[in-house]
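Let's take a look at how charged side chains pair up in this protein. Have the sequence and the model open as you read.

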Amino acid sequence: MTEDAKPARLLAGELWWKAGIVYQVYPRSFQDTNGDGVGDLRGVTARLDYLAWLGVDAVWLSPVCRSPMADYGYDVSDYCDIDPLFGTLADFDALVAEAHRRRLRVIMDFVPNHTSQDHPWFREARASRDNPKRDWYIWRDPGPDGGPPNNWISNFGGPAWTLDPATGQYYYHAFLREQPDLNWRNPQVRAAMMDVLRFWLDRGVDGFRVDVIWHLMKDEALRDNPANPDYVAGEPEINRLLQIHSADQPEVMGVIAEMRAVLEEYDARVLIGEIYLPLERLVAYYGTDLSGAHLPFNFQLIQTPWHAPAVARLIEEYEAALPEGGWPNWVLGNHDQPRIAARVGDAQARVAAVLLLTLRGTPTLYYGDEIGLGRVPIAPERVRDPWEHNEPGRGRDPERTPMQWQPGPQAGFSTVEPWLPLDPQAQTRNVEVLRDQSDSILTLHRRLIALRREHPALSVGTYRPISAAGDVLIYERRHADETIRVALNFGHEACRIEACRIEAGHGEPRVDGVGGAGEDWEVLLSSAGGRRGERAPEGYFALAGDEALVLIRRAAVAAG
């Protein structure tokens, strides 16, 4: 078998996305091929060999549809065309074909909650109150004081309503005023958007990540949102109110079931929903009898304190909350959240990679995390994110900076200055340099991905918690006769993991550990590099600070 060959990893009847790894690409920042400083579709196609080498299974593209770019593609003016900034429909078709040739799936971003104000639908809607497209959006007369119809706040700060002087009514926008929300209670809107899904499915797309899926339905009476009693000054303005009427309405489940039914018209497609909600609400988006999203995005690791007990508690609560048959998924970061290395530091970013790629469920890896990109400084004059302009300190530019491919000018991303700055360490923090280092974070990611491919216990096995003592989290993955345990040190001090206990460096005993008497464990991988094949003849493994180990149980040894 060649190095790039992908052996079959799925059991009979399993779907590709269950054992697969999703890799998110922010196309503006992946690879520029035409010298304008902005990434494009041909750039993604040019880097598919890298993704195949890395070992991921699917590439998820952030929005590439036609857009005036008020919110960098999340304001769509034509759902069935590619924005010229990124290329053409022919470029998109070539990308899908080349990805499939490499056995890579393509997941497209679908932005159905709102359009651009430049979309023909909205231009018609605002033409007059009696225009046939008027009810495709959410319009209301001014409130008694002449102001907005209710107290809803935009997710980017400020009122969520903008007055249209020509018609004397306000239109609702959950985000920028340039992004008017569609009225998903209108069956014509729903039918049109289902046709959009079919347009891309017919072109070979393997699934969709649906933007802000929990926003699609609003309270029919548009009641005011109540004040948030836990709001703290300095938080984003959206947190001032509890969003109980402007999002997460029961009727949204019917919309998602319709989307799912469209995907079921095609073979082996996946529906992923972006959902920032507490666990008990998040898991509802699997739908009745699993008729909803295949993977309601689980962002809890982004929001949970980076401590072993907190992470262990999250995993157990999530596993317990999943509906029967619901498949879990995990995310460490994305285009809207600070990168994992920015949140926990370079050393713990390696531990986080082991966590993400050994937990039960589908992992989503954000481009650049595999080379350790952190928070890239953005000078005030280089700020691009509209949220940063509205609410300083909330900007998302630092997690959207260009991918770094090689030493030299612009780190191989472009031949000109990129739209956002590069990491100051770009000359050493890049694919070309790191792929040749046996202990680099890129090598670690590739080895972890290879382990998932090689060991069904890691890709489709069961999960069992073992211990969360002090700074060390240990859990078990099992499938058939294969048992793997993962030990993660969230702290900076060394300790040792004994057969029946964890012992800290200063001698404080901790309960539980690698296994019991008569068990023989072998190191498959260390996040620090090396140690593969190491066993524990004296009954314990040393665990360095900021280190994670992946261990496999070999044949049992006789008790003494």
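How many salt bridges does a search of the whole structure find? The search turns up 39, where a salt bridge is a side-chain nitrogen of Lys or Arg within 4 Å of a carboxyl oxygen of Asp or Glu.

## What you're looking at

This is a predicted model, so local features need pLDDT of at least 70 and side-chain atom pairs count only at pLDDT 80 or more, while totals for chains, interfaces and linings use all residues. Residues are numbered from 1 along each chain as its sequence is written, and side-chain values use heavy atoms, with hydrogens and water left out.

D91 and R42 meet through their side chains in a salt bridge, at 2.9 Å from N to O. This pair links distant parts of the chain, 49 residues apart: D91 sits in helix α4 (residues 89-101) and R42 in helix α2 (residues 41-46). Helices here are DSSP runs of H or I with at least four residues, strands are runs of E with at least two, and both are numbered from the N terminus.

D91 is buried, at 11% relative accessible area, whereas R42 is exposed, at 53%. (Buried means under 20%, exposed over 50% and partly exposed in between, using a 1.4 Å probe and protein chains only.)

## A buried pair and its network

D385 and R396 form another salt bridge, their closest N and O atoms being 2.6 Å apart. D385 is buried at 0% relative accessibility, and R396 is buried too, at 5%.

## A partly exposed pair

R531 and E534 also join in a salt bridge, at 2.8 Å from N to O. R531 is partly exposed at 21% relative accessibility, and so is E534, at 29%. Elsewhere, salt bridges with shared partners connect D71, D336, D385, R396 and R400 into one network.
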